[in-house]
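The following paragraphs lead the reader through selected features of the structure shown here.

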Amino acid sequence: MSHSYPDHVRIVDVSPRDGLQNESMTVPTVVKQTLINDLIAAGVKKLEATSFVSPKWVPQMGDNSELMTALSESRHDDVMYSVLVPNMRGFENAIVHRPDEIVIFGSASETFSQKNINCSIDESIERFAPVAAAAKEQGIKVRGVISCTVGCPYEGEIDPSQVAYVTKRLVEIGSEQIGIADTIGVGTPLKVQRALQAALEYADIAMLSGHFHDTYGQAVSNTLAALQMGVSEFDTSVAGLGGCPYAKGATGNVATEDVVYMLHGMGISTGIDLDKLVVAGERISEFLGRRNGSSVARALINKRQS
């Protein structure tokens, strides 16, 4: 046991945005608000509330302003509300609601960048530079997420040097936090560690967070691999909700319950109450009419029923 694991891990629940953006049924604002409040009641201190993208591209997020207005009535000072913004127009719409952090997103794959945001990696960074600068002026944190850091649906394996390059560019324009994302869930532990290692050329370990999808059932293993390197912040999604509209066959993000169960079992604190978290995941799963995607949640629910 040569690893020195972090004592505390910050969980960023992305289910209200990344988890719901792919749902074909429209999720009413009040249901999203309930989900967010359930997560906060369970002890989640940072979450992705919504994204300020064109409703033409992501109809599910068309109620971004309504949701942020509804949340503002009972906003918790100790909770970070993050929103995704693709460009200055998105930023201008978001800023009215004073998010605590904005999330900008690049890609380690040229092809994915073109298909996802219709521009090259370099063009995407140029588009985000004024957004990051404007956020900083307003005292809002900036997080840059890099998609497809280990694999791409179009290009296959991604060279870690691509991850280093995009990290460098995002740090240059002012990202304070860098998310290393396995968007299609093809990563395995050593590949994930190589991607993180590449990012460390330009970012401190405290700046890095992991965002792992569970398409091939590797997300918890990949989380452990990142923990072994000292990463102490992870994006997760309650009940394993989510997917990516631009990555065919990509299933949900790693379930928050599964990661919290592993961390607590390792003696690492999260500040999250697992039982309350299971309730949050069950409530949204029931609304969506789908089976809870968390193995831990299902085990705990079965145990209660037996």
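Leaving aside its neighbours within four places in sequence, which residues is Thr 236 in contact with? The model is a predicted one, in which local features need pLDDT of at least 70 and side-chain atom pairs count only at pLDDT 80 or more, while totals for chains, interfaces and linings use all residues. Residues are numbered from 1 along each chain as its sequence is written, and side-chain values use heavy atoms, with hydrogens and water left out.

Beyond those neighbours, Thr 236 is in contact (heavy atoms within 4.5 Å) with Ile 11, Val 12, Asp 13, Val 14, Ser 15, Val 254, Ala 255, Thr 256 and Val 259. Thr 236 lies in strand S10, residues 233-236 (strands are DSSP runs of E, at least two residues, and helices runs of H or I, at least four, numbered from the N terminus). With a relative accessible area of 0%, Thr 236 is buried (under 20%). Its side chain makes a polar contact with the side chain of Thr 256 at 2.8 Å; such a contact is a pair of N or O atoms within 3.5 Å, where within protein one must be able to donate a hydrogen and the other to accept it, and residues adjacent in sequence count only if both atoms are side-chain atoms.

Helix H10 (residues 256-265) packs against helix H11 (residues 274-288) at an angle of about 170 degrees, with the axes 10 Å apart. H10 is therefore roughly antiparallel to H11 (over 145 degrees).

Terms used: Axes fitted to C-alpha atoms, helices over the stretch in contact; angles between N-to-C directions. Parallel < 35°, antiparallel > 145°, perpendicular 65-115°, else oblique. Buried < 20%, exposed > 50% of the residue type's maximum accessible area, 1.4 Å probe, protein only.
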